[in-house]
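Biologist: I would like to learn how to read side-chain contacts and charged pairs in a model like this one. Could you take me through some examples?

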Amino acid sequence: MTREIKYKNITWLKNNSAIGGALAECINNKKNIDICLMIHSAKLGRLWTTTSTDQILKLTKKNIGLYEVISNYPYKVYFDIDGDNECSLTNIKSLIFKYFNHAEMSISGYISNDKTSYHIILNNYLIHNDDERDKLKLIVKYLHKYNCSFDSKVYTKNRMMKCVN
């Protein structure tokens, strides 16, 4: 169902058919300290691997379409923000601080003529299980009422989050 491909000095798995299996194989075979990644190459399509944090730091030095697969607990609380140009980062941060006191945020994203997009990670808040993830989703749905930029659909199993850069 999968085949190995050497890319960026790493061995990646590629699906051989529409049935897939590369992601599941990576998750099932990864070590506890490793992280599952997906990269989208224009030439090769989607590729999957597991690797160390050190290797990820090397890979993220360039914008190469790299995504972390959030597949294991615990993981950091995160928010996906997609809005128009009226989407104020100051307002978004204020809303987050109402529910996450003393949050230490890492923020990546962009602002274009049509859209504002941010990924916000709270470095000092963790999700430990499905129940906590579901509670976070409810908080985000509530925040969405006050700022429609908050996306509550990103709290699923094996969620991909674009790596910084």
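Biologist: Which residues does H119 touch, not counting residues up to four places away in sequence?

Modeller: First, a word on the source: this is a predicted model, where local features need pLDDT of at least 70, side-chain atom pairs count only at pLDDT 80 or more, and totals for chains, interfaces and linings use all residues. Residues are numbered from 1 along each chain as its sequence is written, and side-chain values use heavy atoms, with hydrogens and water left out. Contact means heavy atoms within 4.5 Å. With that in hand, H119 touches F79, D80, S106, I107, S108, M161 and K162.

Biologist: Where is H119 placed, and is H119 buried or exposed?

Modeller: Strands are DSSP runs of E with at least two residues, helices are runs of H or I with at least four, and both are numbered from the N terminus. H119 sits in strand β8 (residues 116–127). For accessibility, buried means under 20% relative accessible area, exposed over 50%, and partly exposed in between, using a 1.4 Å probe and protein chains only. H119 has 19% relative accessibility, so it counts as buried.

Biologist: Which side chain forms a polar contact with that of H119?

Modeller: A polar contact is a pair of N or O atoms within 3.5 Å; within protein, one must be able to donate a hydrogen and the other to accept it, and residues adjacent in sequence count only if both atoms are side-chain atoms. Here the partner is D80, at 3.1 Å.

Biologist: Now the charged pairs. How many salt bridges does the structure hold?

Modeller: Side chains of opposite charge can pair when their charged atoms come close. The criterion is a side-chain nitrogen of Lys or Arg within 4 Å of a carboxyl oxygen of Asp or Glu. The structure holds 3 salt bridges. One of them joins the side chains of D82 and K115, at 3.7 Å from N to O. This pair links distant parts of the chain, 33 residues apart: D82 is in strand β6 (residues 75–83), and K115 is in the loop between β7 (105–111) and β8. D82, at 30%, is partly exposed, and K115 is partly exposed at 32%.

Biologist: Which residues form salt bridges with R133?

Modeller: R133 pairs with D130, their closest N and O atoms being 3.6 Å apart, and with D134, where that distance is 3.8 Å. Salt bridges that share partners join D130, R133 and D134 into one network. R133 and D130 both lie in helix α4 (residues 130–146), 3 residues apart, or about one turn of the helix.

Biologist: Is R133 buried or exposed?

Modeller: R133 counts as buried because its relative accessibility is 12%.
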